[in-house]
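Please read it alongside the coordinates.

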Amino acid sequence: MFRAKKVFPGVTHISDAMGVSMTLIEGTERAILFDTGYGTENVKDFVQTLTGKPVSVLLSHGHHDHILGVRWFGKSSMCSEDLDEFRLRTGSLQRTKVAKQAEQKCVPIPEDFMSVIFTEPEAIIFEDFSGRFEQKTEDLGQMHIQVIHVPGHTPGSIVLYLKELRLLLTGDDWNPCTWIWFPSSLPVHRWRENMKELIHTLEKEHGQEILYVLCSHQPKVRDAKELKAFLEYMDDERLESAPAVDMGVPIETHEIRKEPEGWTLLFDKGKK
Ligand SMILES: [Zn+2]
C-alpha cells in the first residue's frame, strides 16, 4: 500500500509498501514522478488518483528500489551514465532478491514480477551547466525544476532543485543514512565535494539559501541545515578513522555514525 503526503503545494512525497520514497511534482500543465519504487504495486494507478495531469517519469539513479516501478509506465528517463546499472538492477538476479525481501515483509508481488519486460529509459539530454554540473530545466507550468547531474552514490545520480520552494530532492546522493560503498559509487571524498559544491552553486545562482530537502529513504521533509551539518561532520579525520563494518560483501566498508541524530555514512575506504 502506498502512503502519500502533500508536503508543499504541488509536491507529494509517496512511500511504497517496501519503504522507499518517490515524489510527484505537479505544475499547472504537467507533472513529473521522481523515482518509481520497488514495482511491487501499480504506482501508475496510484499516481493517477493524485493528479489528472500528464505524468512523465524521471529516475534519480539506476538502483532497483527506485526503478522497478517503471514497468507500470513503460517510458522513463535517466542519466545515461546509470543505464548499465538499470540493466543490472532490472535483471533476474536482482529481481529474485527483491521478491525474497518482499516475502519477508509480507508484501505481495505481481504474478509477472520475474518475467515482465522493461523498456530502457531514455537518456536525459542536459542542455547547460550549473557551475561544474550538467543540468536542464523542466517547466511544468509555474513550477520549474532544475535536473542536475551530481555523481556520488552512482555515476549517473541526479538531484532536483525546485527554486520556487527552495527545495532540494537528493535521491540517494544524500539520506540521513547515506550509502557510498557500492562498486559504482564515487570515492567518498569526491561525493562529499560534489555535494558541497552543489549547495554552494545553487545558493550562489539563486542568491538565497536552500531551505528544505526531500530524500528517497525518508518520508519527511528535512531542514537543509541537516544536510550541511552532515557534510561538515564527515571530515577527513573522521573518514580516516572510521571503523570497518561487515556488509556481507568483499568491499572495504567503513562507517561513521553521529548520535544523537543517528546520521550514518557508509563508504568504501579502499576506493581513492
Ligand atoms: Zn541507490
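Two strands count as paired if DSSP finds at least two bridges between them. Strand E9 (residues 133-139) and strand E10 (residues 144-149) are joined by five bridges and run antiparallel. The model is predicted.

**Strands E9, E10 and E11**
- Glu138 has Ile145 in E10 as its bridge partner.
- Four residues lie between the strands in the hairpin of E9 and E10, where Gly141 takes a positive phi near 95°.
- E10 also runs antiparallel to strand E11 (residues 158-162), to which five bridges join it.
- Across that pairing, Gln146 stands opposite Tyr161 in E11.
- E10 is mostly covered, with five of its six residues buried.

**Open sheet of E13, E17 and E16**
- Three strands make up an open sheet with mixed pairing, in the order E13-E17-E16.
- At the edges are strand E13 (177-180) and strand E16 (253-258), each of which pairs on one side only.
- Direction ignored, neighbouring strands of this sheet are turned by 10° against each other on average.
- Four bridges pair E13 with strand E17 (residues 263-268) in the parallel sense.
- Trp179 stands opposite Leu266 in E17.

**Nonpolar core**
- The largest nonpolar core contains 58 residues.
- Ile25, Leu33, Phe34, Ile148, Val159 and Leu160 have the most contacts inside this core.
- Leaving aside neighbours within four places in sequence, Phe34 is in contact with Met22, Thr23, Ile25, Leu58, Ser60, Leu160 and Leu169.

**Thr12**
- Thr12 is located in strand E2 (residues 11-15).
- Thr12 has 19 other C-beta atoms within 10 Å, and is therefore partly exposed, since a buried residue would need 20 or more.
- Leaving aside neighbours within four places in sequence, Thr12 is in contact with Ala4, Lys5, Lys6, Thr23, Leu24 and Leu50.
- Thr12 and Met22 are 10 residues apart in sequence, and their C-alpha atoms are 8.6 Å apart in space.

**Helix H4**
- Helix H4 (residues 92-104) has 13 residues and, at 1.5 Å a residue, should span 18 Å.

Key. Residues numbered from 1 in each chain as written. Predicted model: local features only at pLDDT ≥ 70, side-chain atom pairs only at ≥ 80, totals over all residues. Helix = DSSP H or I, 4+ residues; strand = E, 2+ residues; numbered from the N terminus. Expected span 1.5 Å × (residues − 1). Core = buried A, V, L, I, M, F, W, Y, C linked by C-beta atoms within 7 Å. Buried ≥ 20, exposed ≤ 12 C-beta atoms within 10 Å, placed from the backbone. Contact = placed C-beta atoms within 7 Å. Axes fitted to C-alpha atoms, helices over the stretch in contact; angles between N-to-C directions.
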